[in-house]
Amino acid sequence: MSRTHRSPRTLLLALSTLLAVSGGTAVAFAGDSGDSGAKAAVARVDNPYAGAKVYVNPQWSKNAAAEPGGSAVANQPTGVWLDRIAAIAGSGGKMGLRAHLDAALQQHADVVQLVIYNLPGRDCSALASNGELGPTEIDKYKTDYIDPIARILADPKYANLRIVNAVEIDSLPNLVTNTGGRPTATPQCDVMKANGNYVRGVGYALNKLGAVPNVYNYVDAGHHGWLGWDDNFAPSAQVMYQAATAEGSTADKVHGFITNTANYSALKEENFKIGDTVGGRSVRESKWVDWNRYTDELSYAQAFRNQLVSTGFRSDIGMLIDTSRNGWGGTARPTGPGPTTDVNTYVNGGRYDRRIHIGNWCNQSGAGLGERPKAAPEPGIDAYVWMKPPGESDGASKEIPNDEGKGFDRMCDPTYTGNPRNGYSMSGALANAPLAGQWFSAQFQELLKNAYPKL
């Protein structure tokens, strides 16, 4: 699809001395011209992934290649998670931001993918905090986290890189779905809605990072199993616009949105559609769909894009979909529609997404690698991406003392029997998981085994 070009964004960037770069590995997305050298000039583009080589994290690649069968995907680009202040300089043996950007130059890469993820009071709907900053530490977020990142990204040395930021996943939607008198509300989310620090933090991040000419900000937009209901859909778009226009930012600082980040929602459910009926009952009445308007991520991302535009965002915004773990292949993958005995057997028998409940999110059993990273795969979609590196844990399955601000969330415990946010269902999590972000070999092997499309 040819989307409207961002005419205000197509001015050539001021360019520093042409960088001499050499060596390394990079992945060419669909439409690559075959030119692996540094570009003589970098223009602001409509889709940063089009014709681009995307940075491969050498540390992730090494972990993947060391696994049996892992070499089949070890050359894929993944997101670099800046999930605490120490991650900017690098800690725990992991490369820092500058090291990744330098490695991208060595790879002749065009695009680097970063995850900006350290809001005050982060993960307010979780059962345990996975963040280092308390609810009121907005000033520290600005000065110790966002400002240093912005300074590094603005270094003329990196002016040839298109830097894609996935901005603050699992944050703004919480202000709609997990506050007030809802059964899914949490005290922590009520606090973050009241103090405004999610909105202010995202606005500040968009403004500061978006001031760098070669940065492309994509705001997190949840997933269909979170925002696909009528009472969540439009209100969430409104909160996102509020954040995009806070702290001096404007909607123009938002290049697009990303859905399904680090989640498992199927890209396409082909065996049933939202308009199907069984025995006079709509698919929406099934326990799995539960009155949602969407059955999969692609239909949701395209529809939510339209909603965002009608809310005030630019008409040419693009969407990213994280397909790192939503393949749901393997022997459990249905080959056709379920029995038409009733609406529940029809949906459950045909759905690719084999989670116990669509609210389950931690190290899901049975998950597989999804579509490989690809530019412009569908109308309105800038790319399928692997923003969450496959094989990196979502969280520990038991309490593990640490200095990273990562608490024990029982949604990562396979024995947990649930809460209102997952319909009091079993968590579906794998056992023996390490801390979030650490390598989880058993998960990676499961993702390889259940990959769809197959490896």
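Is arginine 200 buried, exposed or partly exposed? Arginine 200 is partly exposed, with a relative accessible area of 30% (buried is under 20%, exposed over 50%, partly exposed in between, with a 1.4 Å probe and protein chains only).

1. Some ground rules. This is a predicted model, where local features need pLDDT of at least 70 and side-chain atom pairs count only at pLDDT 80 or more, while totals for chains, interfaces and linings use all residues. Residues are numbered from 1 along each chain as its sequence is written, and side-chain values use heavy atoms, leaving out hydrogens and water.

2. The count. With a salt bridge taken as a side-chain nitrogen of Lys or Arg within 4 Å of a carboxyl oxygen of Asp or Glu, the model has 17 salt bridges.

3. A network. Salt bridges link Lys142, Arg200 and Glu247. Glutamate 247 pairs with lysine 142, their closest N and O atoms 2.9 Å apart. That pair joins the loop between α9 (230-244) and β7 (256-259) to helix α4 (residues 138-153), 105 residues apart (helices are DSSP runs of H or I, at least four residues, and strands runs of E, at least two, numbered from the N terminus). Arginine 200 meets glutamate 247 at 3.5 Å, N to O; arginine 200 sits in helix α7 (residues 197-210), 47 residues from its partner.

4. Accessibility here. Lysine 142 counts as buried because its relative accessibility is 11%, whereas glutamate 247, at 30%, is partly exposed.

5. Another pair. Aspartate 252 forms a salt bridge with arginine 314, with 3.3 Å between the closest N and O atoms. Aspartate 252 lies in the loop between α9 and β7 and arginine 314 in the loop between α10 (297-311) and β10 (318-322), so the pair ties together parts 62 residues apart in sequence. Arginine 314 is buried at 17%.
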